[in-house]
Amino acid sequence: MPAVDKLLLEEALQDSPQTRSLLSVFEEDAGTLTDYTNQLLQAMQRVYGAQNEMCLATQQLSKQLLAYEKQNFALGKGDEEVISTLHYFSKVVDELNVLHTELAKQLADTMVLPIIQFREKDLTEVSTLKDLFGLASNEHDLSMAKYSRLPKKKENEKVKTDVVKEVAAARRKQHLSSLQYYCALNALQYRKRVAMMEPMIGFAHGQINFFKKGAEMFSQNMNSFLSSVADMVQSIQVELEAEAEKMRVSQQDLLSVDESVYAPDSDVAAPQINRNLIQKAGYLNLRSKTGLVTTTWERLYFFTQGGNLMCQLRGAVAGGLIQDLDNCSVMAVDCEDRRYCFQITTPNGKSGIILQAESRKENEEWICAINNISRQIYLTDNPEAVAIKLNQTALQAVTPITSFGKKQESSCPSQNLRNLELENDKIAPKAAVRVPDADELIAPGTPIQFDIVLPATEFLDQNRGSRRTNPFGETEDETFPEAEDSLLQQMFVVRFLGSMAVRTDTSREVIYEAMRQVLAARAIHNIFRTTESHLMVTSRTLRLIDPQTQVTRANFELTSITQFAAHQENKRLVGFVVRMPESTGGEALSTYVFESNSEGEKICYAISLGKEIIEVQKDPEALAQLMLSIPLTNDGKYVLLNEQADDSDGSPSENRGAESEA
């Protein structure tokens, strides 16, 4: 028999609000049981009194038995066997309906009397004890009020003694009445099951004994059924005793746990984080906008289902779709001075939802789980193994290293490439023998900007003058008239990968380290979208131009570029360090990383040539010698890199892209 709910006798003396709240639930259940008992008794009395209408009366009884399931008891859990038993009795009543012609004394003694005794004895006892408990509680409150008003004077010691005795007596009386009331309510949960089935046992026996034909038809089956019902009633009494002992032991075990299980963020220093999750569930705070500047946070239950993030309201039967996680990116963010926040961004780059976890462990596990799901690992045959492998690869990618491994140079490098190395070494002398650590080059935790941002000084320079300015810091090429008379103009097709602040510009190692961190961050956060731009190198500036609108997105003076280098393995990667003034009067260093369609050495050579032109521009003779040292093509254009520096395929289109007009 399933367990039933019960009141704890140990809490009777304390009489806490929680105990009173639970008591009200039991009282509500007792009231519902009283109403149902009265209805059931009326049905039985109709069977007893209306012998001429026995068929109709038994039919009504059958319906009433079935109605027990629909009574919606507040503590109706565990009544399945009672319901199934009453259903069977209802079926028996229907089958015997045609055989009932008269039922008199036997029905009165075996069917009507037990339910009347249950109502008059058990239900009335509960009602009486409820009244006594209320009177005792009121009497205790009055005695406590009288005790609280006792003065401090010693001559009232006798009065004080009498009041103390009165309080003790009232408290004992309340304790006794509450114990009796609690015991009656607990026992009622078992007695109501017995009371619902015992009258039906007598009714069935009366039918068998009264009708010989009915006894011949049903006696064997009914005797077996009634025996099982009697055993079930006996088992309820046994379970009552066993359950009381089990609850006592269980309560001691539950209260003996460590207090840390109640703390939401108990292990802040070194939480055990599982980064290989492919599904996750738990409560998160969802940020929602309620106006232009106002937001609200709502605590909801979230869980992943395949490639979807689902949300389920408390009390809801099922959850709803919140976000499709395929190809999304997720990262930790700072939001409204709250801890443990992260943001999910859609594949098209639009900001998605912002969520807050309750601990650092939950925050990082949610980020890892969503990151794994966005890669569609759940569609593989062994998603757990794939997640472990990918996270190990990502961990190796972000492990600090001193520098990139450099390949051996070609056995026959071109003269122009050798000049490029020499020129770059003049601008940035090689570092000391000791290779700087990654932390010396870039501060740990430095944020990475994945979209080009115009420097503040360039924004001010571009918007000086009387002409109408673009409020977004962008300007058309007409703003740069010096490009028309520049000695060098070279265009390259590039894609911006990222930029970040650095600590030093004394070595090209800082560019290699920035490349590594930018590529690793893009891989971890699933950021693969890049925008194609035109990189214009002149003898004065380096400009990034939108190819569709011809609007200059960024402009850097060549004099502010202190380091530039191409990746030694991936020839298409190029980066440079820019020194820019700050509003505080100091200077900031930033490294910009690009991917080009051609080799990065070509861009580096163009920058080196532009810086050399700046150095010799004041001396016409030195400038003329520099121009003469650069080879020309048949049509009179300067060749920035000779054919040995071009790609291996040596296509004419790439050769033309490496030429410049002076």
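# Exercises on a predicted model

Glutamate 595 and arginine 495 form a salt bridge, with their closest N and O atoms 3.5 Å apart. The structure shown is a predicted model, and the exercises below begin with this pair.

## Exercise 1

Task: Work out which strands hold glutamate 595 and arginine 495, and decide whether each of the two residues is buried or partly exposed, starting with glutamate 595 and going on to arginine 495.

Solution, step by step:

1. Glutamate 595 belongs to strand S15 and arginine 495 to strand S9, so that the pair, 100 residues apart, links distant parts of the chain.
2. Within the pairing of strands, arginine 495 stands opposite glutamate 595 of S15, and S9 (residues 489-502) and S15 run antiparallel, joined by 8 bridges.
3. A residue is called buried under 20% relative accessible area and exposed over 50%, with partly exposed in between.
4. Glutamate 595 has a relative accessible area of 21% and is therefore partly exposed, whereas arginine 495, at 12%, counts as buried.

## Exercise 2

Task: Describe the surroundings of strand S15 by stating how many of its residues are buried and how many bridges join strand S14 to S15.

Solution, step by step:

1. Strand S14 (residues 573-581) runs antiparallel to S15, and 9 bridges join the two.
2. One of the paired positions is phenylalanine 576, whose bridge partner in S15 is tyrosine 592.
3. S14 and S15 form a hairpin with 5 residues between them, and glycine 585 in the turn has a positive phi of about 105°.

## Exercise 3

Task: Find which residue forms a salt bridge with arginine 579, and say where the two partners lie in the chain.

Solution, step by step:

1. The side chain of arginine 579 meets that of aspartate 505 in a salt bridge, at 2.6 Å from N to O.
2. Aspartate 505 counts as buried because its relative accessibility is 12%, and arginine 579, with a relative accessible area of 29%, is partly exposed.

## Exercise 4

Task: Using the whole structure, state how many salt bridges a search finds, and examine the one between lysine 280 and glutamate 362.

Solution, step by step:

1. The search of the whole structure finds 20 salt bridges.
2. In one of them, the side chains of lysine 280 and glutamate 362 meet at 3.2 Å, N to O.
3. Lysine 280 lies in the loop between H6 and S1, and glutamate 362 lies in helix H7 (residues 360-374), 82 residues apart.
4. Both lysine 280 and glutamate 362 are buried.
5. Salt bridges that share partners join Lys280, Lys361, Glu362 and Glu365 into one network.

## Exercise 5

Task: Identify which residues have the most contacts inside the largest nonpolar core, and then which residues threonine 37 touches.

Solution, step by step:

1. The largest nonpolar core has 58 residues, and Leu61 and Met196 are those with the most contacts inside it.
2. Two or more residues come from each of helix H1 (17-49), helix H2 (54-66), helix H3 (80-95), helix H4 (105-148), H5 and H6, and H5 gives the most, with 14 residues.
3. Leaving aside residues up to four places away in sequence, leucine 61 touches Leu40, Ala43, Met44, Val47, Val93 and Met200.
4. Threonine 37 is found in helix H1 and counts as buried because its relative accessible area is 0%.
5. With the same exclusion of residues up to four places away, threonine 37 touches Ile115, Phe118, Arg119, Leu123 and Met196.
6. Threonine 37 and isoleucine 115 are 78 residues apart in sequence, yet their C-alpha atoms are 7.6 Å apart.

## Exercise 6

Task: Decide whether valine 261 is buried or exposed, and name the patch that contains this residue.

Solution, step by step:

1. Valine 261 lies in the loop between helix H6 (212-255) and strand S1 (281-289).
2. Its relative accessibility is 55%, so valine 261 counts as exposed.
3. Together with Val257 and Tyr262, Val261 forms a nonpolar patch on the surface, with about 300 Å² of accessible area in total.

Technical notes. Residues are numbered from 1 along each chain as its sequence is written. This is a predicted model: local features need pLDDT of at least 70, side-chain atom pairs count only at pLDDT 80 or more; totals for chains, interfaces and linings use all residues. Side-chain values use heavy atoms; hydrogens and water are left out. Two strands pair if DSSP finds at least two bridges between them. Helices (H or I, at least four residues) and strands (E, at least two) are DSSP runs, numbered from the N terminus. Patches are made of residues with over 30% relative accessible area and no salt bridge: like charges are joined within 9 Å, nonpolar side chains (Val, Leu, Ile, Met, Phe, Trp, Tyr) within 5 Å. Accessible areas come from the Shrake-Rupley method with a 1.4 Å probe; for residues, only the protein chains shown count as cover. A salt bridge is a side-chain nitrogen of Lys or Arg within 4 Å of a carboxyl oxygen of Asp or Glu. Buried means under 20% relative accessible area, exposed over 50%, partly exposed in between (1.4 Å probe, protein chains only). A nonpolar core is a set of buried Ala, Val, Leu, Ile, Met, Phe, Trp, Tyr and Cys residues joined through side-chain atoms within 4.5 Å. Contact means heavy atoms within 4.5 Å.
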